[in-house]
Amino acid sequence: MNLRQIFPFFTSSVTHWSTEARWLHWITFLWLFVGLIIMFSASYPIAYAEQGDGLYYFKRQLIWTVVGLLGFSFIVQSSLKFWLKIAQWGVLIVLGLLFLTLVPGLGTTINGATRWISIGPIPIQPSELMKPFLVLQSARFFGNWFRLSWKSRLIWLGIFGTVLLSILLQPNLSTTALCGMTLWLVALAAGLPFYYLGSTALGGILLATLSISIKEYQRRRVLSFLNPWADPMGDGYQLVQSLLAVGSGGFWGTGLGLSHQKIYYLPIQYSDFIFSVYAEEFGFMGGILLLLLLTIYGTLALRVALKARQIEHQLVAIGVMVVMVGQSLLNIGVATGVLPTTGLPLPLFSYGGSSMIASLALAAFLIRVAREENEASVISLAEHRSTQDQRGRKERSRRR
């Protein structure tokens with residue numbers, strides 16, 4: 001595989017893709033490029049202070065980005081049918097990794113949550129890697145819902161429930177909620193009966209309420225979100241510092257690299273609160289431009305879903321849109337105080353190898369759907385004439 005295949009923006013084949021595929025391709029790389037710049041800016045001070053190397057986190061993010069681009073290129077060039085076929089095995093394998101995080105001594109605990117396992121020096125977050133496979137398998141499962149037996153339905157509903165429960169036990173309520181909403185919205189798009197969807201939604205709300213009631217830190221996060229200024233140096237510290245960063249940006253921002261809050265004040269500034277750094281450095285206008293990018297991306301995803309002829313392809317496009325755009329809006333909502341503080345990364349912005357790989361894979365699946373629908377509908381004039389000539393020769397030979 002040469003560089004033109006690894007980095008598809010160098011290849012001339014992009015010009016032959018459908019309009020939606022080309023737009024999604026360039027928006028994905030614009031999103032990635034801006035994300036890397038912000039990650040560099042947000043991580044440099046803390047990396048220099050903690051590691052003695054301001055590029056410590058950025059260099060590692062670049063490595064994961066290259067790995068993600070390799071996967072991106074492979075997915076864009078391969079058949080979606082292949083990925084839908086192996087999606088069930090991907091779900092089961094990553095589910096096994098999720099179980100390993102719960103085994104004492106195997107899971108790696110950071111900030112009170114055991115969400116990682118280490119393969120040598122490499123940390124892996126299975127809940128992030130689950131997202132692409134969950135989108136694919138939910139599209140395949142709910143797309144064929146009315147043709148499946150109740151035994152098959154119950155088996156996969158049980159597996160999906162086990163996935164959500166294993167993520168919740170890490171504990172990771174935010175990712176559990178995102179995965180649950182993705183499954184629910186894909187099922188809604190597939191046309192499942194509303195009484196199934198309503199009862200599932202009610203069960204999800206009750207489970208989230210129970211988790212918040214049992215987990216003290218989750219309950220404190222919700223309460224601090226309602227009034228962070230009541231305890232600005234305690235439970236409300238993260239949100240207060242985030243709001244100060246967003247507010248300090250003003251209309252045009254302080255400028256790239258000139259955020260003050262990222263220097264020892266704003267916690268987890270290169271991951272969970274990276275939007276706060278972005279908003280401080282690029283201001284209100286930068287935030288509007290990012291929201292505009294997400295709006296265009298979501299609109300293109302819907303166009304791809306509407307144009308797709310196969311129900312599975314439609315649901316893949318819907319699932320990707322929910323995860324990429326929905327997760328971005330949730331992260332921005334947390335940073336601006338609209339939602340309780342969670343640990344969801346901002347796709348293609350936040351530091352993290354698993355998140356980068358999962359986000360690029362999801363973006364590639366959406367582009368692949370757009371490409372396949374275009375290829376299925378376009379027949380060149382020469383091919384059409386050749387087909388007609390062959391049919392004519394066959395008809396004449398029959399008459400003889």
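**Exercise 1. Describe the span 86–106 by its secondary structure and its end-to-end distance.**

Residues 86–106 are 76% helix and 0% strand. Their end C-alpha atoms are 27 Å apart. Helices are DSSP runs of H or I with at least four residues, strands are E runs of at least two, and both are numbered from the N terminus. This is a predicted model: local features need pLDDT of at least 70, side-chain atom pairs count only at pLDDT 80 or more, and totals for chains, interfaces and linings use all residues. Residues are numbered from 1 along each chain as its sequence is written, and side-chain values use heavy atoms, with hydrogens and water left out.

Now take residues 315–336. This span is 95% helix and 0% strand. Its end C-alpha atoms lie 31 Å apart.

Next, the record. An unreviewed UniProt entry annotates "transmembrane region" at several spans, including 86–106 and 315–336. Such annotations may be inferred rather than shown by experiment.

**Exercise 2. Summarise the chain as a whole.**

Start with the elements: 14 helices and three strands. Then burial: of the 400 residues, 48% count as buried (under 20% relative accessible area; exposed is over 50%, partly exposed in between; 1.4 Å probe, protein chains only). Last, contacts, meaning heavy atoms within 4.5 Å. Of those with a separation of 6 or more, 71% join residues 24 or more positions apart.

**Exercise 3. Work out how helix 2 packs on helix 3.**

Two packed helices are described by the angle between their axes and the distance between the axes.

Step 1: geometry. Helix 2 (residues 19–51) meets helix 3 (residues 56–77) at an angle of about 150°, and the axes are 7 Å apart. Axes are lines fitted to C-alpha atoms over the stretch in contact, with angles from 0 to 180 degrees between N-to-C directions.

Step 2: direction. The angle makes helix 2 roughly antiparallel to helix 3. The classes are roughly parallel under 35 degrees, roughly antiparallel over 145, roughly perpendicular from 65 to 115, and oblique for the rest.

Step 3: hand. Helix 2 passes helix 3 in a right-handed crossing.

Step 4: residues. Helix 2 contributes, among them, F29, L32, L36 and F40. Helix 3 contributes residues including Y57, F58, L62 and L69. The contact divides into 13 nonpolar, five polar and one charged.

Step 5: one residue. Q51 lies in helix 2. Q51 counts as partly exposed because its relative accessibility is 39%. Beyond neighbours within four places in sequence, Q51 touches I46, Y56 and Y57.

**Exercise 4. Repeat the analysis for helix 6 and helix 7.**

The axes of helix 6 (residues 150–168) and helix 7 (residues 173–190) come within 8 Å and cross at roughly 160°. The two helices are therefore roughly antiparallel. The crossing is left-handed.

The peptide bond from Q170 to P171 is cis, with omega near -5°.

**Exercise 5. Which loops hold I268 and L348, and is each buried or exposed?**

I268 has a positive phi of about 45° and is not a glycine. I268 lies between helix 10 (237–248) and helix 11 (274–307). At 27% relative accessibility, I268 is partly exposed.

L348 also has a positive phi, near 65°. L348 sits in the loop between helix 12 (311–335) and helix 13 (353–377). L348 is buried, with a relative accessible area of 2%.

Note on methods
Left-handed = near helix turned anticlockwise from the far one by under 90°. Nonpolar A, V, L, I, M, F, W, Y, C, P; charged D, E, K, R; others polar.
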